[in-house]
Amino acid sequence: MKRRIIVGMIVFIPFVWMSALAQESAADLTDLTLEELMEVNVTSASKRSERLFETPAAMYVVTQEDIRRSGASSIPELLRMVPGVQVARIDANKWAVSARGFNGPFANKLLVLIDGRVVYSPLFSGVYWDAQSIPLLDVQRVEVIRGPGATLWGANAVNGVINITTTSARDVSGGVMSAGGNTAAGPFASGRYSAQLDSTLYWKVYATAFNVGHTRLPGGGRATDAWSTVRGGAQINWSASQTTLLTLQGDLYSGKKHQRLRVPALTPPYTLTIDDAMDFSGGNVLARWEETVSPTSSMKLQSYFDRTFRQDALYKEGRNTFDIDFQHGFSPTPSHKIVWGAGYRLTWDKFTPSAFVGIVTPSRSANLANAFVQDEVTLVEQTLFLTVGTKFEYNDYTYLEIQPNARLVLTPSRHHTLWTAVSRAVRTPSRSERDVSIAIAAFPSPLPGLTALVSVDGNQAFRSECLTASELGYRYASSELFSADIAIFYNVYDHLRTAERVGDPTLKYAGTTPYLSIPLKFDNQMKGTTYGGEAALSWHPLDRWKLNVGATLLRGQLQPYATSTDTSSSEEMKNNPQFQCYLRSFLNVTRDLEADALIYFVDTLPNQSMPGYFHVDLRLGWQATSNFALSMTAQNLTRAHHQEFGDTPLGEFAAPIPRAFVGTLTWRF
Amino acid sequence: MRVTEHVQSVKETRRARNIGVPLALAIIIAAAAHAQPQPAGEYQIKSAFLFNFAKFVEWPAQLLPRGDSPMIIGVLGDDPFGNDLDDVINNKTVNGRPIVIKRYASAAEIQLCHILFISTSERKDVPMILHTLDGTGVLTVSEIEQFTQLGGAVRFYLADAKVRFEINVDEADREHIRVSSKLLKLATIIREQKRE
């Protein structure tokens, strides 16, 4: 504890001292020529978005400035600064990310989109974060909505939505290149160039590449978690008319990551540790047509095709996804804002099993169709608004699912927003819960010479997990100086996933070797409640100093049905910290020198035997010239190593997260 | 095999980096030798642009009858500038004219104004506001997306942490405002397509 206080003082005293020094008066901008003015960089974060302030949902936006000053190099690392989001790094290339609980390497209650393209995998309803390494210098904003967003956002938006938007070619011009190295990982480089072809046509290209080495272990030796990726893409943005905006974009990537796996074996010692490498690649093309019909009516049509491929010792999966969505917003009368839309998604895959992961149907295509309508009604002019809406979703597994929500927002003055919402969302079955069989453990059976092998098998009757969420939120903003955003929630879940004993053990053969098969089957025999709250405060005490503070509380209990034989799924609640908090400080020491800090605390994860930890990142950014910027970040400063999560249920090893120093040089031209 | 190759490549990159850091520093120091403008707050920069618009735009004579008639810069709706506009423009003159800053809650309050900044809080009412101001010789400025497409004159946007602006030259013509080539050459030019 003493050490923590000392660390805290070491971090804060320089900031207080520097902010006291940082009182020199601003140079007169009107003395600059126009050309010089065009080259002045914007330092302070943009003003709060009106839309965000009045949104009747728990929403947090990570801006470009937040990203640049975080020193983060991946999307999951960025999400650490978002209240209500649980992030645990498993090793150099794996993360567990969830919102409002249910975290794990295969967390399955989150909808993640990149430029409107869904990136959670229908195989397990989770996200392969290793395959989403878009260059962060090209990310415009990351919107995080905690709580169900199913009505507007669609399938899998149960506990939250993460909506990542990259820059529009229209809003960036010229080039930016960024390169550097991380002492714990390796070198990295990214770049983007954009230009205007004529007054209506804009384009951009971007690319990124990095190489992460194996994590060095504290006792010597190394983990098996190297990771490398090359990724590139392009976008064309055309204002076809005053009211029509067309966007065409594509993205390609290829990478390789290393992993150490512990798999069950039929002979002593009954487990086998293998060093394995996974190849992954993919690509997508997306077209979007946005039409402003009138000031109160706009339409959007979007379609994309996406291919992904992954191969390791456990399985090989090739997947194609085609998606088309239409959305129309209009105001039939001044007091109604209606949004309606419909969409269709087809995904088809080819799955190659291994000795450890089997599958019933190697190829399967799945349809997902939806239609939604939502009306925002002004009950009292500028003060009270009611939003009601519902989504009808049709999928091949559980057929029709209805996901309604009702939201009420009160804005008594420009400084206060009070909102409440009740919504229903479902997490439809993933392919693995229906079709896949995974060998999880082997041990000597009571019968001499016979090994018992436990597997978890898919269940053709697996149904959707359901959530009814109640939320209450409050926002306060006094000009630009101080703002607060608080939300509390009470979530009631039913039909949560369990793994049940089915029937008696049977004798099976692996080749000619007999073994005793003990099958478990996915089922829906658990209910549960979670509750908690999140607070995010932003304080701007000086023009050049900003503080962000956030805290997250999460409690809950999962209760298997009386008929359930599953004793471990209800422990999953303890994969989440009951308390986490952060403090971020942004200080402009001088106009061209930034000193930033992130202090982050995560409570214990009892089910993972992980103690709580502090995490301190410090960053110095120097805008050396108007074109060149240099940034030095020290990550995980307080400890040489700390571990954040245990091995994954598939037997993938976790690794400690080392202290690291990152240097980045950015050139804008 | 692959792992060994990988480790080898990581080692090689580390060696390369050992030369890279001094090299990068040398480049930075060389580049820093040129004096460069310092970063500033978004609305400080935008205030300075408004000042320059006042300087590089010519209004019809009836809007500025005397040589010392004040130049009026208005802000309509929720003011995003805070004190920035007043601080930056404080007691400045352009071409001998004092600059006066006015704030309006609604378009109806506007009597005489040369440059009008329309806040994003007025997003929904832009077509109506622009209609009201048609032919009054006001240079309208906003950050609202599609502002110039809707018939506004100037739109600020951010590109790579720098403030950029679009000018709708057709709207400037309609208002009989002459925009200096000094401004035009730095702006993104927007032309309205002929309405059928």
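Helix α2 (residues 42-56) of chain B lies across β2, β3, β4 (97-104), β5, β6 (139-142), β7 (154-159) and β8 (162-168) of chain B, and runs at about 35° to β8(B). Helices (H or I, at least four residues) and strands (E, at least two) are DSSP runs numbered from the N terminus, and axes are lines fitted to C-alpha atoms, for helices over the stretch in contact, with angles from 0 to 180 degrees between N-to-C directions. This is a predicted model, in which local features need pLDDT of at least 70 and side-chain atom pairs count only at pLDDT 80 or more, while totals for chains, interfaces and linings use all residues. Residues are numbered from 1 along each chain as its sequence is written, and chains are lettered from A and ligands numbered from 1 in the order in which they are written.

Chain B also holds an open sheet of 8 strands with mixed pairing, in the order β3-β4-β2-β5-β6-β7-β8-β10. Its edge strands, each pairing on one side only, are β3 (93-94) and β10 (188-190); two strands pair if DSSP finds at least two bridges between them. Strands β2 (residues 71-76) and β5 (residues 115-118) of chain B are parallel, with 4 bridges, and B:G74 has B:L116 as its bridge partner in β5(B).

Turning to chain A, A:V263 belongs to strand β14 (residues 244-264). A:V263 is buried, with 21 other C-beta atoms within 10 Å (buried means 20 or more, exposed 12 or fewer, partly exposed in between, with C-beta atoms placed from the backbone). Between A:V263 and A:T648, 385 residues apart in sequence, the C-alpha to C-alpha separation is 11 Å. Beyond four places in sequence, the contacts of A:V263 include A:F356 and A:G651, where contact requires C-beta atoms, placed from the backbone, within 7 Å.

Definitions and conventions. Contact = placed C-beta atoms within 7 Å.
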